[in-house]
Amino acid sequence: MISFNRVSKHYPNGTTAVDDLDLELPEGGITVLVGSSGCGKTTTLRMVNRMVEPSSGTISVGGRDVQRADAAELRRGIGYVIQQAGLFPHRTVLDNIATVPLLLGWGRRKARARAAELLELVGLPADAGKRYPHQLSGGQQQRVGVARALAADPPVLLMDEPFGAVDPVVRTQLQNELLRLQSELRKTVVFVTHDIDEAVRLGDRIAVFRTGGHLVQCAPPAELLADPADDFVAGFLGAERGLKLLSLSTLADVPQRPAPTEEAGPKGAGGRWRLVTSERGEPLGWRDTEGPQGDRAPLLPVRPLRDGDSLLTALDESIASPAGLVARVDADGVLTGVTDRELIHEHAGRRHAEAARTAAAANGTAADGTATDGTATPQDAGVTA
Ligand SMILES: Nc1ncnc2c1ncn2[C@@H]1O[C@H](COP(=O)(O)OP(=O)(O)OP(=O)(O)O)[C@@H](O)[C@H]1O
């Protein structure tokens with residue numbers, strides 16, 4: 001666990017970058033720091049590994065006051081990833097990754113073997129190890145940056161807008177990789193971003209800062225979206241809070257029924273629409289049985305969804321589907337059934353209500369905005385979910 005206890009940072013020019021911060025970051029979780037530009041996110045992050053020294057207050061990592069630790073030794077135990085990777089240009093990828101193990105005196109062979117292992121872990125081919133950073137794409141360089149930070153297996157990882165400089169497709173891939181790695185490694189991660197969607201996707205908790213270094217709210221994404229502390233947080237989360245909330249729930253517990261394939265007959269009722277599948281049972285497209293071309297009508301596109309897909313994706317597909325049905329498949333892509341548009345909408349609404357109730361309970365208020373002790377709390381009456 002990382003604890004900030006009444007931490008402030010004032011720069012000599014009079015700027016207060018962080019103001020009286022109290023924050024606990026749970027062990028093994030990803031805490032995302034967000035907020036407007038200049039609100040003190042990077043300063044907060046860099047105080048953890050003492051790249052910036054606080055003006056007052058204490059910061060501890062795993063119960064140890066960082067101020068009392070030797071700074072160089074402290075940094076070797078804390079992985080650090082920045083935008084554009086910050087790799088050493090004249091060292092090969094493998095040597096870049098082996099930096100900290102070598103500093104720790106592991107010996108060249110062991111350090112390089114570990115580097116090769118990490119290269120694979122972050123999804124890069126073995127031959128990338130011999131290249132220099134400029135011979136890799138931006139996304140690949142970021143992966144090397146992550147591998148380098150993980151090399152000595154530090155319990156803490158600081159990530160300062162690590163995916164800020166790559167295009168949206170690569171960014172999504174890198175986010176997925178980070179989530180996959182995190183499910184295995186369970187590091188305590190502090191992650192700075194400007195992108196609220198990235199924060200919702202990655203964060204176990206999101207800390208929202210306001211200019212002047214004030215922490216406004218720190219909560220799990222669902223709670224933040226269902227019950228932002230004030231207008232600043234609500235504005236920062238954006239107008240589509242409800243849809244973002246749906247991105248946090250999966251289709252797994254939404255029932256399905258038999259699909260209206262040719263073979264299913266009336267059991268898989270789909271009105272005029274039939275779902276055409278391959279021999280293996282993979283959905284290929286929708287056929288309009290009442291269209292003028294009958295059996296020869298071109299198939300309309302289907303986007304089959306798995307249990308792990310989000311309710312937001314399901315809502316999108318339910319709108320796009322000509323049949324108003326969402327085709328469901330198993331891990332092998334084989335059709336298992338369909339879910340009606342109305343049922344998706346019903347679950348989406350239910351998910352909202354649940355999130356509002358959970359957020360209200362966490363804040364000591366009933367979902368209708370009254371305090372659980374019976375007194376009215378106007379500020380909470382605006383729970384929107
Ligand atoms: N070395 C410094 N000297 C003076 N002021 C500084 C210094 N470093 C940062 N600041 C100021 O402290 C405030 C917080 O900066 P910080 O970089 O922590 O913000 P941030 O939230 O990470 O910003 P951004 O999102 O733009 O990266 C800003 O007003 C910044 O100008």
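Trainee: How many helices and strands does the secondary structure of the chain come to?
Mentor: The model is predicted, and its chain has 385 residues, of which 39% count as buried. Along the principal axes, the C-alpha atoms fill a box of roughly 75 × 65 × 30 Å. The secondary structure comes to 13 helices and 14 strands.

Trainee: Is Gly40 buried or exposed?
Mentor: Gly40 is found in the loop between strand S3 and helix H1. Leaving aside neighbours within four places in sequence, Gly40 is in contact with Ala17, Val18, Phe209 and Gly213. A residue counts as buried when 20 or more other C-beta atoms lie within 10 Å of its own. Because Gly40 has 25 such atoms within 10 Å, Gly40 is buried.

Trainee: Which helix gives the most to the shell around the ligand?
Mentor: The ligand has 13 residues around it, and Tyr11, Ala17, Ser37, Thr42 and Thr43 come nearest. By class, this shell has 3 nonpolar, 9 polar and 1 charged residues. The helix that gives the most, with 3 residues, covers residues 41–48 and is H1.

Trainee: Why is S3 described as largely enclosed by the rest of the structure?
Mentor: In a regular strand the side chains alternate between the two faces of the sheet. Ile30, Val32 and Val34 point one way from S3, while Thr31, Leu33 and Gly35 point the other way, and all are buried. S3 is therefore largely enclosed, the number of its residues that are buried being 6 of the 6.

Trainee: Which residue of S9 stands opposite Thr31?
Mentor: S3 pairs with strand S8 in the parallel sense over 4 bridges, and the bridge partner of Thr31 in S8 is Val190. S3 is also joined to strand S9 by 5 bridges, and these two run parallel. In S9, the residue opposite Thr31 is Arg205.

Trainee: Which strands stand at the edges of the open sheet of 4 strands?
Mentor: The order of this sheet is S2-S1-S4-S5, with antiparallel pairing. Within the sheet, S1 and S2 pair over 6 bridges, and Val7 has Leu21 as its bridge partner in S2. Two strands have a single partner strand each, so one side of each is left without a neighbour in the sheet; these edge strands are S2 and S5.

Trainee: How many of the 13 residues of H6 are buried?
Mentor: Helix H6 covers residues 138–150; at 1.5 Å a residue it should span 18 Å, and its end C-alpha atoms are 19 Å apart, which agrees. What covers its buried residues includes strand S6, helix H3, helix H4, helix H5, strand S7 and helix H7. Among the buried residues of H6 are Gln140, Arg143 and Leu150. H6 is largely enclosed by the rest of the structure because the count of buried residues is 11.

Trainee: How far apart are the end C-alpha atoms of H13?
Mentor: Among the buried residues of H13 are Ile344, His347, Arg351 and Ala360, and the buried residues pack against elements including helix H9, helix H12 and strand S14. At 1.5 Å a residue, the 22 residues of H13 should span 32 Å; the separation of its end C-alpha atoms agrees, being 32 Å.

Trainee: Is Arg186 buried or exposed?
Mentor: Arg186 lies in the loop between H7 and S8. Its phi is positive, about 50 degrees, although Arg186 is not a glycine. Because Arg186 has 12 other C-beta atoms within 10 Å, Arg186 is exposed.

Technical notes: Residues numbered from 1 in each chain as written. Predicted model: local features only at pLDDT ≥ 70, side-chain atom pairs only at ≥ 80, totals over all residues. Near = placed C-beta within 6 Å. Nonpolar A, V, L, I, M, F, W, Y, C, P; charged D, E, K, R; others polar. Expected span 1.5 Å × (residues − 1). Contact = placed C-beta atoms within 7 Å. Pairing = 2+ DSSP bridges.
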